[in-house]
Amino acid sequence: MCSSHRSLSCEACGAPVSAIDGREHFLCQFCDSLVFGQPLESCQDRIVTTEDEGDGTCPRCDQPLRVGKLDHRNVEYCQTCRGIWLSTNAFVDVLNGRRSNYRGPQLTPVPLDPKELDVRRPCPGCRRVMEVHPYHGKGNAVIDSCHRCLSIWLDPGEITSLERV
Ligand SMILES: [Zn+2]
Ligand SMILES: [Zn+2]
Ligand SMILES: [Zn+2]
């Protein structure tokens with residue numbers, strides 16, 4: 001677990017928030033908001049941010065995504081929940097690159113929370129419901145994908161937990 005544990009409360013409703021295993025952010029059990037301990041520029045997923053508005057809409061926050069980069073691939077991201085929208089090709093490239101460069105400790109994947117498989121969200125591009133499936137391999141994450149847009153939605157921390165092999 002994170003050693004620099006701070007006591008945080010939810011910005012939206014003021015309730016105490018709880019840590020999520022393997023992620024650097026916290027979840028409000030009361031209103032489902034995500035709370036972050038560090039600025040977006042130094043988030044664990046290493047999103048390179050811009051101020052430019054993208055084409056997509058955040059499936060969680062319902063606000064316009066912004067244009068950014070993950071490594072050198074184009075992505076869009078949500079400045080509020082820090083989710084990332086990218087093409088399936090970009091996802092595979094970024095993940096393979098990060099896995100081969102990863103020099104950190106071998107981490108035991110956190111078991112998937114089966115509840116995550118029940119959450120259905122609209123695609124940031126076409127707004128139709130995305131498919132939800134566990135992405136196995138060596139890290140574990142539940143990812144959302146749209147086969148019409150050939151794109152993937154990643155919740156914050158997911159690319160990072162998949163990278164740790
Ligand atoms: Zn809250
Ligand atoms: Zn969002
Ligand atoms: Zn779509």
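A residue counts as buried if 20 or more other C-beta atoms lie within 10 Å of its own, as exposed if 12 or fewer do, and as partly exposed in between, with C-beta atoms placed from the backbone. By that rule, 30% of the 165 residues of the protein are buried.

This is a predicted model, in which local features need pLDDT of at least 70, side-chain atom pairs count only at pLDDT 80 or more, and totals for chains, interfaces and linings use all residues. Residues are numbered from 1 along each chain as its sequence is written, while chains are lettered from A and ligands numbered from 1 in the order in which they are written.

**Overall form**

The C-alpha trace spans about 40 × 35 × 30 Å along its principal axes. The radius of gyration is taken over C-alpha atoms, and the globule rule is 2.2 Å times the number of residues to the power 0.38. For 165 residues a compact globule would have a radius near 15 Å; the protein has 15 Å, so the two agree.

The protein has 2 helices and 10 strands. Helices (H or I, at least four residues) and strands (E, at least two) are DSSP runs, numbered from the N terminus. Along the sequence the pattern reads β-β-β-β-β-β-β-α-β-β-β-α.

**The sheet**

Two strands pair if DSSP finds at least two bridges between them. An open sheet of 7 strands runs in the order S4-S5-S6-S7-S10-S9-S8, with antiparallel pairing. Strands S4 (47-57) and S8 (131-135) stand at the edges; each has a single partner strand, so one side of each lacks a neighbour in the sheet. From one strand to the next, the twist averages 35°. Angles run from 0 to 180 degrees between N-to-C directions, and axes are lines fitted to C-alpha atoms, for helices over the stretch in contact.

| Strands | Residues between them | Positive phi |
|---|---|---|
| S5 and S6 | 2 residues | Asp 71, near 50° |
| S6 and S7 | 6 residues | Arg 82, about 65° |

S5 (residues 64-70) and S6 (residues 73-77) pair over 5 bridges. There, Gly 68 stands opposite Val 75 in S6. S6 and S7 (residues 84-87) pair over 2 bridges. Tyr 77 has Ile 84 in S7 as its bridge partner, and Glu 76 has Trp 85.

**The helix on the sheet**

Helix H1 (residues 88-101) packs on the sheet and touches S5, S6, S7, S9 (141-146) and S10 (151-154). Its direction makes about 105° with that of S7. Residues are in contact if their C-beta atoms, placed from the backbone, lie within 7 Å. Among contacts between residues at least 6 apart in sequence, 39% join residues at least 24 apart.

Key. Two residues are in contact if their C-beta atoms, placed from the backbone, lie within 7 Å.
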